[in-house]
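Here's a quick briefing to read alongside the picture. Have a look at the structure first, then work through the topics below.

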Amino acid sequence: MSSPAPRPRPLPDVLSDALPVQLTDLAAGAEARLHAANLGDDDFALLEALGMTRRCRFRVCKVGDPWIVQIRETRIGLAASVARRILVVPDAVL
Amino acid sequence: MMPSVSPSSDRMPAAPAPHAEVPRIALLGNPNTGKTTLFNRLCGVLHKTANFPGTTTRARVGRCQAGETTLEVVDLPGVYRLSLGLPESRVCRAALLGEGSRRPDLAVVVLDATNLARNLVLLAELAEMGVPAVAALNMVDLAQRRGLSFDRARLSALLGCPVIPVVARRGDGLAELRDALLEQLETPASPLAMVHRLDPAAFPSHEEWAERVVADGVGGRRAVGAALDTLTERLDQAFTHPLLGTLVFLAVMTGLFWVLFVLASVPMDLIEATFGHLGEWTAAVVPPGAIRDLLVQGVIGGIAGSVVFLPQICLLFFLLSLLEDTGYLARAAFVMDRILCRFGLPGHAFVPLLSSHACAIPGIMSTPLIPDRQDRLTTILVAPLMSCSARVPVYVFLTSLLFADRPLLAGLAFAGCYLLGATAALVTAAVTRRTILKGPSRPMVLELPSYKTPSLRNALQIAFHQGISFLRTAGTVIMAICLVMWWLSAYPRSAPPAESVALRQQAEALVTSQPDRAAELTHEADLLAARHAQANSFAGRIGRTIEPVFAPLGYDWQLTVGVLTSFLAREVFVSTMAVLLEAGSDDVESAGVLTRIRTARRDGGGPIFTRATSASLLVFFVLAMQCLSTLVVTRRETGSWRWPALQLVYMSSLAYLFALVTYQGLRMLGVS
């Protein structure tokens, strides 16, 4: 138990100028944020509960079926059919 | 605005009443946070398992001692959020609000110290429900190795509840956790204090509040960033690769089931031998009569028939627990999902279905691995279609009759039985998910837990608990059903037929001059008497009565009795036929026995086992639901008799239909 961490860097209001693309368009190693998902309410809520929110940056760890993304310390596997329905904003310009 | 999980989010919890009952603690947490390990550490192996009211979700309820006080601990299902519309979230909400059972006095929220921000959202939701909490900060050792540090006092202040660092795998921090539970039960910190901290003006969402708590209370370079773990990256690449991942999966499963079959066979043989000796001893010391028959054939035979599955159940759960602990199973689920999703099943269903090849009982008991209720029910429904080890003696018996001198064809027929069972299971699953369990499958979105060294202690505890749980069922319902079936097969008593009496008299006359011949004659007399008794028993009479139902499948009354008695357990078929047909033994690998059975005649004079009849029987046994123990376990896992009833009716109808088509089709082709 030791000293608290420095504050995280503030998140910009406008995340990126990039247009949303399908998650499946990203390459391994790319970073992005969730824009929208063509999923049912419960499924979308599950994604958010796993940490994949519009505010959180994630990294693409593996492409293909399954797609694997990492959000903070959480690694999430997504079937390709799910990944195709997720729109993201690449973080390249940040 | 933050979503609310309860209309009572702004009310203070009632002051704790003096506990007339044992204080109840709810254990809550995200999946993969070590919640079950903590439960096992707190409560040990002696706990009860029951379904939540009206659901297929199982709860474990144990007791733990904190000082002089006994606490009841309810292990709730792992959830990411209480506010989700998923069945496990609904179950947790109902349990925490006291719907259908007593409301918990306190909740322990198990937080993964390596992933605190996401886990804290659950604590915030709990505070809004007005349930006082203690936060168990688990896996602090792992977090510290990753460079994280925790300002515990600050975290407690921010969260409005005690924060206790623990390492559940090692049992570290449990004494302090127990003390904190007692303290909170005496003077609970108001959850409202935390709700005030969740000011919507300052934090529009729980996530933002959680991030602030982590920023203020957790130190370390990677506190809010994603660490790059190259080993994990490489393992994930390999384990989820379409080709390599499939090969690894096949290797792991082959290893698992090889170990299961090889190791389980030793205690299974031991159990059978022990009960065999116990039966012989009982028969020797108890005078002949109804009591002896009840004890030997009903009680000891019934218990032996159920307990023999115990080694497979314990070993399977031990191995699965080790495998799950490593983090591999989540990756394997994706590999199998590519195949099983075409049949409406998730990748998780593979393990229960594969386990069902050993025995459907552990297969069905392992279905809680499947997150979605519809998927779980579908898997339970189709699991008994996979060819289990109890079918093997019947397959050997019938394929040997079908292809006596052609071992290659017999082998192909044997393999065909497995293929037919698996195909029927997958097609049934596809149809079920489009009809009675219609609805979209939960999309394959899974958290991939960190790779870890599995906990041997945890695996042993889980195996022990599953074994005890099965024995409780076997000792009650299964036992009762076995006794009823035994009674139907053994009563009413009938005097031995004249031929049997005559043979016995001949044997007595030869007992000194030709002892071997006397033994043979006695054995034949016993067989005749057994056949006569079987034919005149209630089961035999029922067999004769319903013979017309099975006649289109090619079965006479003797085969009908064999099929009926094997509804208790399918392997009984071979021994029943051996008794009915006076084969003298149920050793189907013995040529003499097979010859006697093959040449056995119907009352009308024709052979009992024609090619068409044997093929029809083989198909019937592949598809029929003939295991009462499986039906009882299905009832336990689904919480309703509706599903085992459906299983019995569907599989019996399917078996009848396909056996009918086989028999009539072969006859039309001139095969008889």
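How are α27(B) and α29(B) oriented to each other, roughly parallel or roughly antiparallel? They are roughly antiparallel, because their axes pack at an angle of about 160° and angles over 145 degrees count as roughly antiparallel, under 35 as roughly parallel, 65 to 115 as roughly perpendicular and the rest as oblique.

Before going on, keep in mind that this is a predicted model, in which local features need pLDDT of at least 70, side-chain atom pairs count only at pLDDT 80 or more, and totals for chains, interfaces and linings use all residues. Residues are numbered from 1 along each chain as its sequence is written, while chains are lettered from A and ligands numbered from 1 in the order in which they are written.

**How confident is the model?**

- The model scores ipTM 0.83 and pTM 0.74.
- For chain A, the mean pLDDT (the predictor's confidence in each residue, from 0 to 100) is 80, and 79% of the residues reach 70 or more.
- Chain B has a mean pLDDT of 83, with 88% of its residues at 70 or more.
- In chain B, confidence is lowest in helix α7 (residues 191-197), with a mean of 62, and highest in α29(B), at 96.
- Residues 1-19 of chain B are also below 50 in pLDDT, and this stretch has 31 contacts beyond near neighbours in sequence.

- Look for an open sheet of 7 strands, with antiparallel pairing, in the order β1(A)-β6(A)-β2(A)-β3(A)-β4(A)-β5(A)-β10(B). Helices (H or I, at least four residues) and strands (E, at least two) are DSSP runs, numbered from the N terminus, and two strands pair if DSSP finds at least two bridges between them.
- The edge strands are β1 (21-22) of chain A and β10 of chain B, each of which pairs on one side only.
- Where the chains meet, 3 bridges join β5(A) to β10(B) (residues 445-447), and the two strands run antiparallel. Here G77(A) has L446(B) as its bridge partner.
- Inside chain A, β2(A) (residues 31-37) is joined to β3(A) by 3 bridges, with A32(A) opposite F58(A).
- β2(A) is also joined by 5 bridges to β6(A) (residues 86-90), where A36(A) stands opposite L87(A).

**Where chain A touches chain B**

- The contact takes 35 residues from chain A and 40 residues from chain B.
- On the chain A side, α1 (41-49), β3 (57-62), β4 (67-71) and β5 (74-78) are the elements that give two or more residues.
- α1(A) gives the most, with 6 residues.
- That side divides into 18 nonpolar, 7 polar and 10 charged residues. (Ala, Val, Leu, Ile, Met, Phe, Trp, Tyr, Cys and Pro count as nonpolar, Asp, Glu, Lys and Arg as charged, and the others, Gly among them, as polar.)

**Helices packing in chain B**

- α27(B) (residues 611-623) and α29(B) have their axes 8 Å apart. Axes are lines fitted to C-alpha atoms, for helices over the stretch in contact, and angles run from 0 to 180 degrees between N-to-C directions.

**Two backbone details in chain A**

- The peptide bond from D65(A) to P66(A) is cis, with omega near 5°, and P66(A) sits in the loop between β3 and β4.
- R72(A), in the loop between β4 and β5, has a positive phi of about 50° although it is not a glycine.

Notes
Contact = placed C-beta atoms within 7 Å.
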